[in-house]
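Colleague: Please put the model up. I have some questions about it.

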Amino acid sequence: MLNGFMGKAGRALLVLSAGSVLAVAGAGTAQAASGTTASGRAVSAVEALKAELAERGTSAASARVICYRAHVSDVGWQSVRCDGEMAGTTGQGRAIEALEIAVAGVGGVCANAHLQDVGWQGSRCAGDGGQITVGTTGQGRRMEALAISVGSGSVAARAHVQDIGWMTPVVGSAVAVGTVGRGLRLEAIAVDV
């Protein structure tokens, strides 16, 4: 069991570090830690998705992959995480403010963020190989909940919430994690397809 996720065959999921994913794309471990390439450019979720597919030696049509990165208060954009890895922080009292998501092999993705003083932001959708961003940057608004769905198969998500900790994972074609109406920040998230 890894972060509460079991693999499709009932085995614990194999988790690749962001460093190993980004190394395939030509960025070394030092750049992976900072979320940038050697030229100093930020690595997006869709760039990491392409690197993950290349490492697996598969096409977007034959592999189920989700990559994402979190924009965290007082930190900014973190390095990309894929397939069940944790994005965000725990034990630091920092909120996820935005999430960038890219998928392959699931028929596309839609996500919606519930934000401080806004409520549900409105769904953003992209097909396989595309990228979406939900939440805000530069506004200091905490994300309180995330709804995410995929076009085929299921998605599993788990959230770490202020004053609650890790919540029970939820699995389905469409899932929501976090809280609504309680004013609690979403601090970390793990998502798998």
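Modeller: First, the ground rules. This is a predicted model: local features need pLDDT of at least 70, side-chain atom pairs count only at pLDDT 80 or more, and totals for chains, interfaces and linings use all residues. Residues are numbered from 1 along each chain as its sequence is written, and side-chain values use heavy atoms, with hydrogens and water left out.

Colleague: How many disulfides does a search of the whole structure find?

Modeller: A disulfide is a pair of cysteine sulfur atoms within 2.5 Å. C67 and C82 qualify, with sulfur atoms 2.1 Å apart. C110 and C125 are joined as well, S to S 2.0 Å. The search total is 2.

Colleague: Is C67 buried or exposed?

Modeller: Buried means under 20% relative accessible area, exposed over 50%, partly exposed in between (1.4 Å probe, protein chains only). C67 has a relative accessible area of 0%, so C67 is buried.
For C67, the answer is buried.

Colleague: What is the handedness of the disulfide of C110 and C125?

Modeller: C110 sits in strand β6 and C125 in strand β8 (residues 124-126), 15 residues apart. Strands here are DSSP runs (E, at least two residues), and helices are runs of H or I, at least four, numbered from the N terminus. The torsion about the S-S bond is about 115 degrees, so the link is right-handed.

Colleague: Which residues have the most contacts inside the largest nonpolar core?

Modeller: A nonpolar core is a set of buried Ala, Val, Leu, Ile, Met, Phe, Trp, Tyr and Cys residues joined through side-chain atoms within 4.5 Å. The largest has 33 residues. Strands supplying at least two residues each include β1 (65-72) and β5 (96-104). The residues with the most contacts are I101, M143, L146 and I148.

Colleague: How far apart are the end C-alpha atoms of helix α3?

Modeller: The expected span is 1.5 Å times one less than the number of residues. Helix α3 (residues 45-56) has 12 residues, so the span should be 16 Å. The model agrees: the end C-alpha atoms are 16 Å apart.

Colleague: Which residue lies over the face of W77?

Modeller: A charge sits over a ring if NZ of Lys or CZ of Arg is within 6 Å of the ring centre and within 35 degrees of the ring normal. At W77, the distance from the ring centre is 4.5 Å. The residue is R69.
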